[in-house]
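Hi,

Here is the structure I promised to send over. Have a look at it first, and then read on for my notes.

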Amino acid sequence: MPSENPRTRYAVVGAGHRAGMYVNALIGDHAEDGEIVAWVEPNPVRAAVHEEKVAAAVGGSRPVFHPDDLEKALDVERVDRVVVTSVDNTHADMVSRSLRAGVDVVVEKPIAATAAEARQIADAVAETGRDLTMTFNYRYAPRNSALREVIASGEIGRVLSVHFDWALDTVHGADYFRRWHREKTNNGGLLVHKSSHHFDLVNWWIDAVPQRVFASGGRRFYGDDAGHATGYEPTAGERALNEQGVDPWRIDVANDPYLDRLYGADAQEHDGYRRDRSVFDPGITTEDTLGLVVEYAGGPVLTYSLTASAPWEGYRVVVNGTRGRAELEVVERGSVVFGADGKATVDPSFTATFGEDTVRPEGERLVVQRHWERAEERPIVEVGPGGHGGGDTLLLAEVFRGRTEADPLGRAAGFVDGLRASGVGYAGNRSLETGDPVRLADLGLGVDL
Ligand SMILES: NC(=O)c1ccc[n+]([C@@H]2O[C@H](COP(=O)([O-])OP(=O)(O)OC[C@H]3O[C@@H](n4cnc5c(N)ncnc54)[C@H](O)[C@@H]3O)[C@@H](O)[C@H]2O)c1
């Protein structure tokens, strides 16, 4: 938790896109709660983008340290707490070293890319007893909290099963295949990188512990071979243009001043990190089409599907209980439409999209039906602006101020929640490899889940 100092001293580890949310909070709504005193980031150009913003807001200057010098940064700058928003497969190293250096940690999901890396963190937490906060922002989205409330109230009875269908569209879904996420070694694939959010939701919604996972799926859409099979891969030297003359697979980094600064030519010069690679390149290892069966302690079963190539974006959840059924449907983007400038919002859960779809309007609907009764639609009370349905704003308040009020829905996630969520992904990955169901208890996470 934040120290007794008037303002907690923060180092931001990994100054990329996601870091922006924490940086904005610490120079905005949470400027009284904490201050950034150092950057730990291998790319000086990306660090400079954030540093300039902070300097403009609060003055002063903050040094940039290479990740190899993490301990030095924490020591010299007297850091109380780090915010880890680096590439997923660096979390274990950055988190466990910070904990051992006597510093508390806030870490973005997923906790780590592999079970072995998660174990490194578990060992460091056990050894140091320090505080580790997982930022599972989806719990704070009002629609997800509303479903939790319905289940916790007992009105649909004891949960028997959950069916969860998550659709990433061909803009946002494709984005995972343009950059580091396309290599499974960087993030554990979408089962860990993306679905751990979803597994955490289910674990929390039904308040149960996942035990055994069977997974099936693979890369069926992106990559050169899959692209060839679907007919979407452009011929060598050409670009795939739609009738608007837009390449629907491409992100134009140079066309967005912020992205251009973070990932454009200047930044690339330092590390070769390309944000805009072709989704039909050879060598992509991350799966885009996945199906899972997850068994929970006490009996509930989850069937889960993730596609990264849908024509609309959003999710559907069905929860069957002994007294009835709850259904949540969320449309984050009804269809992929490009603006007159040929651009489309990358992540529709984060930034507004273009236009309104009449058949599939953006929105959310929670319906509850008890046995022998008519279905009822339940209100979802918005909490205000901010990414992920206003959830990010609530999450930031809890991260930076600690819990200031009762948490009847148990939204604050701890380190074991992070392991339970990613654990389903690790077990799923092992199941993909072996073709067999895998027990979370056999992953060697070093913690009794
Ligand atoms: N909760 C959410 O909704 C959400 C959304 C987006 C990203 N994220 C998470 O945030 C993290 C960052 O994602 P992003 O989209 O900002 O990626 P990004 O590529 O924009 O930024 C990652 C940064 O980490 C830096 N980096 C690489 N190795 C490092 C190391 N060893 N130490 C410190 N920094 C290092 C890179 O140079 C880069 O600047 C990921 O873990 C991702 O899963 C969470």
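**Around the ligand**

By class, the shell of residues around the ligand splits into 7 nonpolar, 9 polar and 6 charged. Please keep in mind that this is a predicted model. The ligand is surrounded by 22 residues, and the closest of them are Gly14, Gly16, Arg18, Pro67 and Ser86.

**Two domains**

The protein falls into domain 1 (8-136) and domain 2 (137-384 + 415-449). Their C-alpha centres are 25 Å apart. Where the two touch, domain 1 contributes 27 residues and domain 2 contributes 31 residues.

On the side of domain 1 that touches domain 2, the elements giving two or more residues are helix 2 (44-58), helix 5 (115-128) and strand 6 (132-135). Helix 5 supplies the largest share of that side, with 6 residues. Sorted by class, this side of domain 1 has 16 nonpolar, 6 polar and 5 charged residues.

**Helix 1 against helix 2**

Helix 2 also has a partner in helix 1 (residues 19-27): their axes come within 10 Å and cross at roughly 10°. Angles under 35 degrees count as roughly parallel, so helix 1 and helix 2 are roughly parallel to each other.

Which residues make this contact? From helix 1 they are Ala19, Val23 and Ile27, and from helix 2 they are His50, Lys53, Val54, Ala57 and Val58. The contact between helix 1 and helix 2 comprises 6 nonpolar residues, 1 polar and 1 charged.

Best wishes

Notes: Residues numbered from 1 in each chain as written. Predicted model: local features only at pLDDT ≥ 70, side-chain atom pairs only at ≥ 80, totals over all residues. Near = placed C-beta within 6 Å. Nonpolar A, V, L, I, M, F, W, Y, C, P; charged D, E, K, R; others polar. Domains from an automatic or database assignment. Contact = placed C-beta atoms within 7 Å. Helix = DSSP H or I, 4+ residues; strand = E, 2+ residues; numbered from the N terminus. Axes fitted to C-alpha atoms, helices over the stretch in contact; angles between N-to-C directions. Parallel < 35°, antiparallel > 145°, perpendicular 65-115°, else oblique.
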